[in-house]
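Work through the exercises below with the sequence and the model at hand. Each task is followed by a worked solution.

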Amino acid sequence: MVKTRFAPSPTGFLHVGGARTALYSYLFAQQAKSGGGQGEGGRFVLRIEDTDQVRSTAESAAGILQDMLWLGMTWDEGPVVGAEKNDYFQSMRLDIYDKHLQELLAKGLAYEAYESPAQLAAMRQVAEKAKKPFRYRRDMAGRQLVPQEGVKPVVRFAMPYKDITVHDLILGDVTVKGEEHDDIVIRKSDGFPTYHFAVVIDDHYMGITHVLRAQEHLMNTFKHLGLYGALGWEAPLHGHLPLVFNMDNTKMSKREKAKAVRADIQKTGVKDFAELAAKAGVEVKVVQEFIAKKSDAVEIAVKLAAVTGTRLPEIDVQDFRRSGYLPEALLNFVALVGWSPGGDREIMSKQEMLELFSLEGIQKTPGRFDRKKLAWMNGEYIRKASIERLVEAVASFNAVTDYPLKTASAEVVRELLGMYQERMVTLAEMAENSRFFFEEPRMDPKAVEKHVKGGNGMELLRASLEILKGVKEWTKLGLQGAHDRILELGVESGGKRGAAAQPIRVAVSGGAVTPPLLETLVLLGREKAIGRMERMLG
């Protein structure tokens, strides 16, 4: 039996790099389940690692589950959506961790450490001055050997003094010398286990056979192998995936959101942040710390961006969902960030990914997240999708956004999709460009000046209005004759056929670009179309 797992921490939305890790783990298990890979059966486990009591939230956990389902990755074992916590939440497994902690203490393989945070900082400074890496070992000089009043001890694992080799499924053999290990904390001062300890216990009890995770966890694996040995357990096989980088070779990090907002605020030259803080609903001190780079909190960046109008970079799965990407397109694209199926393949269904996926195809160097390619791919998926599939996608998009499009009926959404499907790259483009169907348009001054006030635009608009007022049946068939007559006005006035269409577009939509004029007028309706033209003339 092959068993993989994805184990996110619920401290925010699901990072797109985490989604890729989940996808590779999912595909590897699914292959085994179908007999396409290992041939012994496979299971994919979702576990929520919520032992960080300060940063973990139920909202984040629920959001991760929803993002996984939106992407189409279901789990064989894990949390039940909408239900209470179960044994796949680490915070529900404290008794198991404590049992094995006591076992290590009894064997002398773990011990209490009594340093305060200030003492540890001082010890690190000594190492830095000596230009040596700081490694906490049980036999090191300067340890605090007795309990201190007001200081809650941690428990550290006594790492073995021996070389440890990771037989990595992707990177090959990697070895860390015995003198480079340190005695890691396995129980924090708040009584909760650390990531290092809980992950080993859970992977053992859940029968995980293969762990696929990012390369940034590689050095953690040596610590985990030490724990497996101390507990007398067989370790799962590990494969460390390449990191996800932007096209400029910077790491794709949630901190990019804070960086973007900070840059926009600094451009204004404002030094007194009281007004900004009040509008964002945060304390002035919070804004000051944010600007001083003492905090990169995503939630603060989002609140400030709502005031500054900053366009936040897409980093989390939720960001791409709000931008109007289809889950199947995002999943397809993410699969290719660090993995090659061979044969220059790009557009692939989930079933094709399942058939082609292999660990051998995963590269060792960072994958590049090319947003232009993702946009192209999403446009391809949109154009090939059925209208009914897109109606479903719009409903999902509306659930996480606040465009006026969310007020549209399914029938109106179908009409809009018929107009925009061939011209949009994301659903957000349609949502933004179709605003004028649902609310008064925001006029583009340049378009008004050029197409209405310029040349004979006002005369053409006035003549077009009189033609439209005479239409008795405001349907595509009923408007066809009036539409043809309006197109001829341009020729009669000495210009191009269709010249009269532009003043109408500007009057009803605010800009010079709309879907075909006839379909636009039909969906907009008589009252809105004529009313807006009259207001433009008036």
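A charge sits over a ring if NZ of Lys or CZ of Arg is within 6 Å of the ring centre and within 35 degrees of the ring normal. The model used here is predicted.

**Exercise 1.** Find the ring over which the charged end of Arg 262 sits.

Solution. The ring belongs to Phe 290, and the charged end of Arg 262 is 4.8 Å from its centre. A further case is Arg 137, whose charged end sits over the ring of Tyr 161 at 3.9 Å from the ring centre.

**Exercise 2.** Classify the aromatic pair of Tyr 205 and Trp 233, and say which parts of the chain the pair ties together.

Solution. Step one: the whole structure holds nine aromatic pairs. Step three: Tyr 205 is in helix H5, while Trp 233 is in the loop between helix H6 and strand S9, so the pair ties together parts 28 residues apart in sequence. Step four: Tyr 205 is partly exposed at 39% relative accessible area, whereas Trp 233 is buried at 16%.

**Exercise 3.** Describe the pair of Phe 333 and Phe 369 and its surroundings.

Solution. Step one: the ring centres are 4.8 Å apart with planes at 80 degrees, so the pair is edge-to-face. Step two: Phe 333 lies in helix H12, and Phe 369 in the loop between strand S11 and helix H14, 36 residues apart. Step three: Phe 333 is buried at 3% relative accessibility, and Phe 369 is buried at 2%. Step four: ring pairs join Phe 333 and Phe 369 with Phe 320 and Tyr 325 in a cluster.

Notes
Residues numbered from 1 in each chain as written. Predicted model: local features only at pLDDT ≥ 70, side-chain atom pairs only at ≥ 80, totals over all residues. Heavy atoms only, no water. Phe/Tyr/Trp six-rings, centres within 6.5 Å; stacked < 30°, edge-to-face > 60°. Helix = DSSP H or I, 4+ residues; strand = E, 2+ residues; numbered from the N terminus. Buried < 20%, exposed > 50% of the residue type's maximum accessible area, 1.4 Å probe, protein only.
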